[in-house]
Amino acid sequence: MTTLLRATWTRFRTNLRDPLIRRNVAFYMGGKLLGLTLLLLVMYWFIPGAVHAASHGTVVAPEINAVNTVWTLVAAFLVFCMQVGFVMLEAGFARSRESVNILVEGIADTCICGILFWAWGFAFMFEPGTPWIGTQGFFLNGLPTTYMSTGIPLLAFWVFQFAFADTASTITSGAMIGRCGFWGDIVYSIGVTGFIYPIIGHWSWGPDGWLAALNFKDFAGSTVVHSIGGAISLAGALALGPRLGRVFKRDGGGPPPAHDLIIGAIGGLILWFGWYGFNPGSTLSALDTVGIGRVSFNTTLAACSGGLAALFYSYIRSKNKSWDLGLTVNGFLGGLVAITCPCYWVDPVGAFFIGIVAAVVVILGLDLLEYLRIDDPIGAVPVHLFAGIWGTLSLGLFATGAFGAPTPTGADTSAVVRGLFYGGGVSQLGTQALGSFGTVLATLAISLVMMYALKYVGILRVSKAGELEGLDLHEHGAVAYPEYALMGLVPSLTGHDSSEEVAASPVLAED
């Protein structure tokens, strides 16, 4: 054995002195080390992070909660159905010659929102970065499989929040109906869903947003969704100016009549139905059963009290004592917008009065716009902006102090929310006012710059000839009611001037 070891050592020393052998060994060992290094890098990059975490005794993401995931996705589908309600409401309350335009805009806005919210909108809004904007997770890359501690898969949470972003975009078009060019709509939709909504929304709903850090509360989006959408609508209406021939009440006129109140009212009711995904779904937890029931009840009661308040208010103030369908629909929509912020933290009494005040706010807001000669064909600004502000402030008044926050496994009452009327003082009310007005003013300022820039380059408003022809024909080459052409009421399709027939028809004159 000793002889063998001595011979091996002698051979090793002899080979070590040979430069050719030293070079071959260096190449061989270097190649092995390089290959091992590349293998370790591939393993580090491509083996899921959860495996590395498990080896260190830690967990990167919580276990997926199947019940909460299904609940959130069903709510997302309900919120997305609100797009049907929006286009029906807008088309019904507008004139028939812009119905196709409203439908195409709604579909285009939805598609634009989906792409941009995947590319960077979600990252701007829901990922950490700064108190003003998220800075990671673009194209959803590098994010955990579940969103934070919700136990909901990231992609499912994205679908839910995409439906909310789409709502904010659709709200914007309501005050711009009848005179906005389609190229202008495409560009401002990119601005809304790609930048304005997610960046300003991060302030309240981002994990490190500056308003969230101040304890600003907006459960389902009276400010984040509705006030932002309403403020952009106001900016668009101001930049566009009124429709041709629009005569306001102070000048002896009034809003043009809706072309189909049936479609408009059905659209409003579909929106009400979709709100049961909007508000209860924002718990993100099917296991918070008491909270879901309370939110659903409060949503219903605020809509009912808002609808009735608007119905009776419209009757009292009308000269011929008529029950106004349009104001009633906008009344219950205002109640729904207002209860969206405080729905988790108020009781039925609070929800009842929040809805009533919201209806009054909407009607007075319509009167204010009419007085200021701001043309808002469907009342998007009063319903979403004014009622959204009221709903956000109402939390600081009506929060009972009995409810905390939903969690993946139920309600957490370790930290409750209490308003002024329930002994909470003005602290929460002041925070709500700061969050609401700060969000609205920032949104309005940025939106005015965007809208007037589009107006300056000439793509925001259609030409006078195009507006007179009607956006359906001018922008899309189609009409929603082709039977009008058979009656000789659409010159572009019949080849003759139908102005006399249109003027002679009290029903179709405004079309």
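Predicted model: local features only at pLDDT ≥ 70, side-chain atom pairs only at ≥ 80, totals over all residues.
Colleague: What makes the set of residues around Leu 333 a nonpolar core?

Modeller: A nonpolar core is a set of buried residues of kinds such as Phe, Tyr, Leu and Met, joined through side-chain atoms within 4.5 Å. The largest such core has 103 residues, and those that touch the most other members are Phe 117, Phe 122, Tyr 197, Leu 333 and Met 451, so these five belong to a core by that rule.

Colleague: Which residues is Leu 333 in contact with, leaving aside its neighbours within four places in sequence?

Modeller: They are Leu 89, Gly 268, Leu 271, Trp 275 and Val 383. Another core, of five residues, lies apart from the largest one, and includes Ala 309, Leu 327, Ala 359 and Ile 363.

Colleague: What lines the largest cavity?

Modeller: Its lining has 13 residues, and Phe 86, Leu 89, Ile 378, Ala 380 and His 384 lie nearest the centre. Two or more lining residues come from each of helix 4 (66-93), helix 6 (154-173), helix 12 (325-339) and helix 14 (380-398). By class, seven of the lining residues are nonpolar, five polar and one charged.

Colleague: How many of the protein's residues count as buried?

Modeller: Of its 511 residues, 51% do, which means that their relative accessible area is under 20%.

Note on methods:
Residues numbered from 1 in each chain as written. Heavy atoms only, no water. Buried < 20%, exposed > 50% of the residue type's maximum accessible area, 1.4 Å probe, protein only. Contact = heavy atoms within 4.5 Å. 1 Å grid on protein atoms, 1.4 Å probe; cavity = no way out; pocket = protein on both sides within 12 Å on 5 of 7 lines; lining within 4 Å. Helix = DSSP H or I, 4+ residues; strand = E, 2+ residues; numbered from the N terminus. Nonpolar A, V, L, I, M, F, W, Y, C, P; charged D, E, K, R; others polar.
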